[in-house]
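Keep the 3D view open and click along as you read.

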Amino acid sequence: MKMKLIPYILAALWLVTSCISRPDYVLDEEAMVSLLTDVHRSEGLLEVQQDNKTFSNNEDYKKAIIAAVLVKHNVTRAQYDSSLVWYGQNLKYLVKVYNKVQKNIIEEIDYWTNADMARGSMFDVSQQGDSVDLWTVDKHLVMDENRLLAFRFWEIPNDSNFVKGDSLIWHVNVPHVPVSHYLVATLAIGYEKAIGIENCSTVVVRTDTCFDIALRTDTTAAFNSIVASVALLKDSLSVKDDVAFVDSLTMIRKR
């Protein structure tokens, strides 16, 4: 007899949880989605900075980043924590919020990926020769996404004109880095994981300058691709969005 009551009890519990009203001190769904989207963006910024020992990665710095997000949304830490607790106790609403947060982030990734493809970021097969400029795409960049992370990524595949032991020199001119920002440029050569070769170099600049990043491919193992990236980062989320310029990009292959 008791077993027959279980479906009715579960139904009653569902009705009770469905009718739970959100307290006034808890952020509504729209505000929570917007806030958590920025929180996860800031966490992405922190992850990028963790590999860069030039900048602080301590707990105080992380707290300052989150505090800046809360200020942007005009939300106190108490409101944020209380809202997280309430949504955590009402999973139906929490799942709904995070589905929208995930959708926001995926849409942003897709947008900027498609924007890069639309600019024609694919590289042609390299020319033959001992001294060749591999950089056949945009030589001038404006880092103007007005986001926490302005990012460019390129991949140059290996082709028959490469020879083991080739040297690469990536020249980057930076005529303008805004105040309280820094530019991170990385060049890497990707090999098969099985051979265990790591070949990567990173340069961080805070002022207007130009620099070269030089790497040499392994003389015994073929590589898959050359990967280059440039990122414009802020010291903190409270820093006003600004624009950086990069130009005169070249990547010379020598042997």
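This is a predicted model, and it holds 8 aromatic pairs. Start with Phe151 and Phe153: their ring centres are 6.4 Å apart and their planes sit at 25°, so this pair counts as stacked.

**Two phenylalanine pairs**

- For stacking, the planes have to be under 30 degrees apart, and the 25° between Phe151 and Phe153 is why that pair gets the label.
- Phe151 is partly exposed, with a relative accessible area of 37%.
- Phe153 is partly exposed too, and its relative accessible area comes to 42%.
- Now hop over to Phe162 and Phe223, where the ring centres are 5.3 Å apart and the planes stand at 90°, so this pair is edge-to-face.
- Phe162 lies in the loop between strand E3 (149-157) and strand E4 (167-176), while Phe223 belongs to strand E8 (residues 223-234), so the pair ties together parts that are 61 residues apart in sequence.
- Are Phe162 and Phe223 buried or exposed? Both are buried.

- Elsewhere, ring pairs link Phe123, Trp135, Trp154 and Trp170 into a cluster.

**Strands that pair with E9**

- Strand E9 (residues 244-254) pairs with strand E1 (residues 131-133) in the antiparallel sense, over 3 bridges.
- To find that spot, look for Asp133, whose bridge partner in E9 is Ile252.
- Strand E2 (residues 141-143) also runs antiparallel to E9, and 3 bridges join the two.
- Here, Met143 has Ala244 of E9 as its bridge partner.
- How many bridges join E4 to E9? There are 7, and these strands run antiparallel as well.
- A handy landmark is His171, which stands opposite Thr250 in E9.

**Strand E8 and its neighbour**

- E8, the strand that holds Phe223, is mostly covered, with 10 of its 12 residues buried.
- Strand E5 (residues 181-191) pairs with E8 over 11 bridges, in the antiparallel sense.

How values were computed. Residues numbered from 1 in each chain as written. Predicted model: local features only at pLDDT ≥ 70, side-chain atom pairs only at ≥ 80, totals over all residues. Heavy atoms only, no water. Phe/Tyr/Trp six-rings, centres within 6.5 Å; stacked < 30°, edge-to-face > 60°. Buried < 20%, exposed > 50% of the residue type's maximum accessible area, 1.4 Å probe, protein only. Helix = DSSP H or I, 4+ residues; strand = E, 2+ residues; numbered from the N terminus. Pairing = 2+ DSSP bridges.
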